[in-house]
Amino acid sequence: WYMRIKVKLEDNYRLFNELLPLEGKITDIGCGYGFLANMLSFVSDKRTLLGIDYDEEKIEVAQHCISKKPNVNFIAADITKHEFENSDAFILSDVLHYLTGEQQLKVLDSCINKLNEGGMIVIRDGNKDLQKRHWGTRYTEFFSTNFGFNKTQNKLEFLSGKELMRNLEKYKLHIEVVDTTKLTSNLIYILRRK
């Protein structure tokens with residue numbers, strides 16, 4: 001039931017599929033049960049997908065999904081310590097707020113340094129600067145963390161869109177912001193090498 005609801009709420013990950021390249025290596029950081037990685041693999045066999053999550057139980061489920069294709073793999077790892085492989089795209093969807101501010105910057109720096117020429121990073125996370133809509137994001141996270149869907153190691157620390165932009169300036173990336181929600185502060189940041 002969780003999968004049915006999640007995939008439906010995500011509109012079958014249509015937006016991610018449209019944003020991401022149809023071929024190349026894509027790393028999904030904080031992949032959970034691997035829904036997004038599997039859906040992306042169904043659209044294109046030319047995508048090689050690696051999902052990483054620190055929840056070993058979710059990775060076990062993802063690794064044994066009956067629909068998992070040979071071009072998809074999952075590993076359990078702490079993303080704050082993991083050495084990422086070079087990739088054409090990194091996905092950080094609803095994961096950064098589980099890290100401290102310092103860890104968020106470290107993970108972003110690791111991704112940017114391992115991004116292939118012409119590559120992209122897609123970040124989706126709550127923006128605490130959008131105060132009126134941010135309660136919706138905090139509300140959904142309250143349920144997902146307090147009812148056993150997601151494990152936490154730290155207090156949730158949501159991004160400030162303004163601070164994120166300031167911290168990314170030194171990388172000289174082209175940044176596009178996509179706002180597709182009305183009830184939450186979740187924004188999508190698309191980072192590309194200039």
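Reader: Why does Lys69 count as partly exposed?

Author: Lys69 has 22% relative accessibility. Buried means under 20% relative accessible area, exposed over 50%, and partly exposed in between (1.4 Å probe, protein chains only), so Lys69 counts as partly exposed. A word on the source: this is a predicted model, where local features need pLDDT of at least 70 and side-chain atom pairs count only at pLDDT 80 or more, while totals for chains, interfaces and linings use all residues. Residues are numbered from 1 along each chain as its sequence is written, and side-chain values use heavy atoms, with hydrogens and water left out.

Reader: Thanks! And why is Asp45 called exposed?

Author: Its relative accessibility is 57%, and the cut-off for exposed is over 50%, so Asp45 counts as exposed.

Reader: What makes Lys69 and Asp45 a salt bridge?

Author: The rule asks for a side-chain nitrogen of Lys or Arg within 4 Å of a carboxyl oxygen of Asp or Glu. The closest N and O atoms of Lys69 and Asp45 are 2.4 Å apart, so the pair meets the rule.

Reader: How many salt bridges does this rule give?

Author: The count comes to six. Among them is Asp94 with Arg124, whose closest N and O atoms are 2.6 Å apart. That pair links distant parts of the chain, 30 residues apart.

Reader: Is Arg124 buried or exposed?

Author: Buried: Arg124 has a relative accessible area of 12%, and the limit is under 20%.

Conventions:
Helices (H or I, at least four residues) and strands (E, at least two) are DSSP runs, numbered from the N terminus.
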